[in-house]
Amino acid sequence: MGSPINNRALFPCQEPPVALSTWQASVRTAAGFVVLMSGENSAEPVQLQEGILSWYYYVTMPMPASTFTIAVGCWQEVKKQSLTAAVQTNTEFSLPSSQASFRWHEEICGHVEYPCRFQNPAARLQAVIPYRVFAPWCLMEHCKEHLLHLIPQCLSAAYTTLGTHPFSRLDVLIVPSNFSSLGMASPHIIFLSQSVLPGGSHLCGTRLCHEIAHAWFGLAIGARDWTEEWISEGFATFLEDIFWARAQQLSHDEVKGQQELKALLRWRRLRDEVQNSEEELQVLRPKKESTGELSESGASVVKHGLKAEKIFMQVHYLKGYFLLRSLARTIGEASYLASLRKFVHKFHGQLVLSQDFLCMLLEDIPEQKESGLTLESIFQNWLDTSGIPKPLLEEGETWKECQLVRQVSGEVTKWIQTNQRIRKSSRKKRKRDEVVFQKLLPDQLVLLLESLLEEKTLCPRMLQCLEKTYQLQEQDAEVRHRWCELVVKHKYVPGYGDVEKFLREDQAMGVYLYGELMVNEDAKQQELAHKCFAAAREHMDTSSAKVVAEMLF
């Protein structure tokens, strides 16, 4: 995929985001290869000569050069079972809102001239855009089982929330295990890591929703200054919860419970990251007042742009999400989502700064100024400082009262008691001592394992029982990652095979496990880290390999 920095290593281009352009491309390949690109057409190959095919793609919407994407490989299209499913989904959800809130359609768009879907009456009614799925042959069944049915549900949920899809079609490509993240959105195409497929639909669905959200925030509306990543990632993280809840058609109480559980998990992740990262990398608007400024030559500086560890940081996802969540709670979700739709209609096809969104939002709710919610206070509390934002510090305890969280707390207590009992008792276990553990949702399992990670010692038999109870090897990658952390912390040798498998097959998430294997100063664990790195290094993403090498050598 393209990159905000040094994209000219891929093809000659101007790199500042303000240098918007269209493109067209012809790609020649040997027969048997499939070429996918971020073009707006679904290209069909033309045979040039025996064994040589040509693929042609183009775009009509000018965008930053870094949004360009190309993928060439021996993939196969995962076909839908029938056409009826997609048609039914179109009518499953109501229109985003009353026609009153669609008065913005009548306004002229604010972007440069191109064939805009927001001005196209047919496009405005399209809840599910045409989509295709491509994968290697060995993952075809996985895609049919876990991914294919989710795409129309998630696209429909996004349309219900934000209205018109900015792009006319979508390809979803399952990328190999050495891809550096769980997902990547570009115009008309999403890369999804194969790591999201195993373990049920939860991780696959939430990640798909996150990447679909980027069609609006990150692509149709881009950051004018690359340092303001939160405009893209904060919005996508906030919206993934809303899309996923709607895609599952959950009740109000279920939505509230799941979102509070998710907020707690993200709060814990933010707290850990703030404690273990450089302060200057925790600021969402590192250039502060000079954000968006250009030099006389038109060049812009991307502060911290070349720091390899920055790509593994979640702070712009998490602090951005918590800022948007806080604003939604202050204003009320319905009014807030109406403001988001208004913002999309006003700014699609353009590049923005933080204040463009915040000023519009504050104009819509003048009464909030009396409660101290101003542009200055938002900059000061959320965007221009490192660490955990002050308003968030006060909220941290409230999520623990959520029923899903309380249920996990009860299970954690049972496991701690089980651990104590196993340590005291002999190997002969009587039937009447058996504890009944409740079935947990994937996010609850993540919280359970994170809570158990805080325990000083857990004995091998208890860990064996834990793995067996929840069949942890069969769970999604988020759950398995926490299980691997437990295995490493407690030097649970029977689980080392799970760690090795994770480091090879889930490279998008395994980077910090290398660090944990080295920190314990255990010869077996260090040998495992070196063995896995030696096997994976040649195919590893460059930045990942650099970070891991610094941990190991």
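Here is a quick briefing on helix packing, salt bridges and a few individual residues in this structure.

The model is predicted, so local features need pLDDT of at least 70 and side-chain atom pairs count only at pLDDT 80 or more, while totals for chains, interfaces and linings use all residues. Residues are numbered from 1 along each chain as its sequence is written, and side-chain values use heavy atoms, with hydrogens and water left out. Helices (H or I, at least four residues) and strands (E, at least two) are DSSP runs, numbered from the N terminus.

**Helix packing**

- Two packed helices are described by the angle between their axes and the distance between the axes. Here axes are lines fitted to C-alpha atoms, for helices over the stretch in contact, with angles running from 0 to 180 degrees between N-to-C directions.
- Take α13 (residues 403–424) and α15 (residues 460–470) to begin with: their axes are 9 Å apart, and the packing angle is about 140°.
- That makes α13 and α15 oblique to each other; the scheme calls angles under 35 degrees roughly parallel, over 145 roughly antiparallel, 65 to 115 roughly perpendicular, and the rest oblique.
- The α13 and α15 crossing is right-handed. As for the terms, left-handed means that the near helix is turned anticlockwise from the far one by less than a right angle, and right-handed means clockwise.
- On the α13 side, Glu411, Trp415, Asn419 and Ile422 do the touching, and they meet Arg461, Met462, Cys465, Leu466, Thr469 and Tyr470 of α15. Contact here means heavy atoms within 4.5 Å.
- Sorted by class, the residues of this α13 and α15 contact come out as 6 nonpolar, 2 polar and 2 charged. Nonpolar covers Ala, Val, Leu, Ile, Met, Phe, Trp, Tyr, Cys and Pro; charged covers Asp, Glu, Lys and Arg; the others, Gly among them, are polar.
- Then there's α6 (residues 230–248) with α9 (residues 333–347), whose axes come within 14 Å and cross at roughly 115°. This α6 and α9 crossing is left-handed.
- Phe235, Phe238, Leu239, Ile242 and Arg246 from α6 meet Tyr336, Leu337 and Leu340 from α9. By class, the contact of α6 with α9 has 7 nonpolar residues, no polar ones and 1 charged.

**Salt bridges**

- Searching the whole structure turns up 22 salt bridges, each one a side-chain nitrogen of Lys or Arg within 4 Å of a carboxyl oxygen of Asp or Glu.
- Arginine 132 and aspartate 171 pair up through their side chains, at 2.8 Å from N to O. This pair links distant parts of the chain: arginine 132 sits in strand β7 (residues 131–135) and aspartate 171 in strand β8 (residues 170–175), 39 residues apart.
- Arginine 132 is buried at 15% relative accessible area, and aspartate 171 is buried at 0%. The cut-offs are under 20% relative accessible area for buried and over 50% for exposed, with partly exposed in between (1.4 Å probe, protein chains only).
- Lysine 144 and glutamate 141 form a salt bridge at 3.8 Å, N to O. They're 3 residues apart in helix α3 (residues 140–146), so about one helical turn separates them. Lysine 144 is partly exposed at 33%, while glutamate 141 counts as exposed at 54%.
- Lysine 501 bridges to glutamate 505, with the closest N and O atoms 3.4 Å apart. Both are in helix α17 (residues 496–505), 4 residues apart, so again that's about one helical turn. Lysine 501 is partly exposed at 45%, and glutamate 505 is partly exposed at 38%.
- There's also a network of salt bridges linking Arg268, Glu450, Glu454, Glu478 and Arg482.

**A buried histidine**

- Histidine 210 belongs to helix α5 (residues 202–213) and is buried, with a relative accessible area of 2%.
- Skipping neighbours within four places in sequence, histidine 210 is in contact with Glu233, Ala236, Thr237, Glu240 and Tyr317.

**Positive phi values**

- Most residues other than glycine have a negative phi.
- Lysine 491 is not a glycine, yet its phi is positive, at about 50°. Lysine 491 is in the loop between α16 (477–489) and α17, and is partly exposed at 41% relative accessibility.
- Glutamate 521 isn't a glycine either, and has a positive phi of about 55°. Glutamate 521 is in the loop between α18 (511–519) and α19 (523–536), and counts as exposed at 68% relative accessibility.
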